Amino acid sequence: MSFPKNFYWGGATAANQFEGGWQEGGKGDSVCDHMTAGSVNSPRYFTNEIQKDRYYPSHNAIDFYHHYKEDIALFAEMGFKMFRLSINWTRIFPKGDEAEPNREGLDFYRDVFLELKKYDIEPLVTISHYEIPYHLMKEYGGWLNRKCIDFYLNYCKVLFTEYKGLVKYWLTFNEINSLQFGIGDILSGGFPREDGNAQELGLTATREDNQKRYQGLHHQFLASAKAVVLGHEIDPENQVGCMVAGGCYYPYTCNPDDALKAQRDMRMNYFCGDVQVRGAYPYFAKRMFREMGVELKVEEGDEEILRQGKVDFYSFSYYMSSCSTEDPEVMRTNGNLVTGVNNPYLKSSDWGWQIDPKGLRYLLNDLYARYQIPIMIVENGLGAKDVLEADGTVHDSYRQDYLREHIRQIEEAIEDGVDVIAYTPWGCIDLISASTGEMKKRYGFIYVDLDNEGKGSFKRYKKDSFYWYKKVIASNGADLN
Ligand code: BGP
């Protein structure tokens, strides 16, 4: 059997997409609380004021805030060994720049962690998952401002101290590379902006855009590195990892130009991991910055901070692969960060994300060859439209097919010698889609009765995949049928 005995099977979520209770327990506004719902054809909008006639899906999300006991019991029933969740920064520091934390927020997560402990489920905590306080955007300019490093560290210090003994595995930033690709300008960078279409932002990459993005990223690298050191100081048991949106690019043709383009695209994707795992900017950064016209403002001591704050493990999300070509005529695909051109050998999801289980094995091998530290796959899954039958069942064999093939490829990678220690499929309970803000793009083993307008009973139903995944976990990956 390939999966190691203590393999962490589980599922993943993020506060802004599933927690709700946005004004309860003293919580402040996060930037994501200002994002309206969109769809595959219409973008999400960002508004500085909350407008009464618009729907902001993070406000109630699927209301884990009031359902956490029920939800965790369901995860336990499936046999979860690990549960990935994020802490809403604004529950702990409603504005982000306070000296003292909000006790009620801390107590909420303590209760959640105690509930997980009851079932021996190991929490995997993302410290910042697209949940930067709105006040830090408004008053400080988000991560472009170096002061954010101190605010973030104060937040980390509170978390590491408060949850010592309850949480061991931490991720500093979700998909830290989203900022590099511009798609994270609002949610990850917290760069202030006028009201408007949130998606069009990532599409520009002027010198100024890149300057801002890489400077903000530099501050996040420093914050992450300092958090690693602090995490170890407060509890030597802590394991602190990075989290990167996993990209996998193939050359579209065997034209050397396409091969070089694929290599460049892959390098772009390794950029953040290289800094966080190896503790220094990669060899190709100099030329990359020069060609983009980026001039990083680096202070004395920054290099040493990066060197000292190397992560303990690498984690990534994986949904799709893509192709690279210099030919502008070839059709492009949709995706979260991994956008390139269509691969004629692959099928796509209803949202245009190309399905490629073998790409996961390919990427795992590449990452391990590069870093040689333990790896967690902390997001993977199929966003699909599910049908709730009159008898409360959901027949989602397509989801089982998707996951089965990916698990097979993880097993192959483990056979290849890659040290994979965890697999937490995304949205283990249906939640709000990050890219479109929809509810109907579902990933879960558990169906939540809620629609795109936020209407529904919030009732939970076990899908067919719930029973299937339970078997997979019970057999430690041996029974995938
Ligand atoms: C990743 C994010 C998640 C998540 C997932 C699926 O990029 O880290 O927050 O939502 O993608 O994307 P979507 O919800 O857009 O289908």
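Author: Buried means under 20% relative accessible area, exposed over 50%, and partly exposed in between, with a 1.4 Å probe and protein chains only. The model is predicted: local features need pLDDT of at least 70, side-chain atom pairs count only at pLDDT 80 or more, and totals for chains, interfaces and linings use all residues. Residues are numbered from 1 along each chain as its sequence is written, and side-chain values use heavy atoms, with hydrogens and water left out.

Reader: How many salt bridges are there?

Author: A salt bridge here is a side-chain nitrogen of Lys or Arg within 4 Å of a carboxyl oxygen of Asp or Glu. By this rule, the count of salt bridges is 29.

Reader: Which residue forms a salt bridge with D274?

Author: D274 is buried, at 0% relative accessibility. Its salt bridge has closest N and O atoms 2.9 Å apart, and the partner is R370. This pair links distant parts of the chain, 96 residues apart: D274 is in helix α8 (residues 256-278) and R370 in helix α11 (residues 357-371). Helices are DSSP runs of H or I with at least four residues, strands are runs of E with at least two, and both are numbered from the N terminus. R370 is partly exposed, with a relative accessible area of 24%.

Reader: What is the closest N to O distance between R146 and E299?

Author: R146 and E299 form a salt bridge, with the closest N and O atoms 3.5 Å apart. They link distant parts of the chain, 153 residues apart: R146 lies in the loop between α5 (134-140) and α6 (147-162), E299 in the loop between α9 (285-292) and α10 (302-308). R146 is partly exposed at 26%, and E299 is partly exposed at 41%. The distance asked for is 3.5 Å.

Reader: Is E438 buried or exposed?

Author: E438 meets K440 in a salt bridge, 3.9 Å from N to O. K440 is partly exposed, with a relative accessible area of 36%. E438 has a relative accessible area of 1%, so E438 is buried.

Reader: Why is strand β9 largely enclosed by the rest of the structure?

Author: In a regular strand the side chains alternate between the two faces of the sheet. In β9, F313, S315 and S317 are buried on one side, and Y314 and F316 on the other. The strand (residues 313-317) is largely enclosed because the number of its five residues that are buried is five.

Reader: Which strand is joined to β9 by four bridges?

Author: Two strands pair if DSSP finds at least two bridges between them. β9 pairs with strand β7 (residues 239-245) in the parallel sense over five bridges. S315 stands opposite M376 in β13. The strand joined to β9 by four bridges, also parallel, is β13 (residues 375-379).
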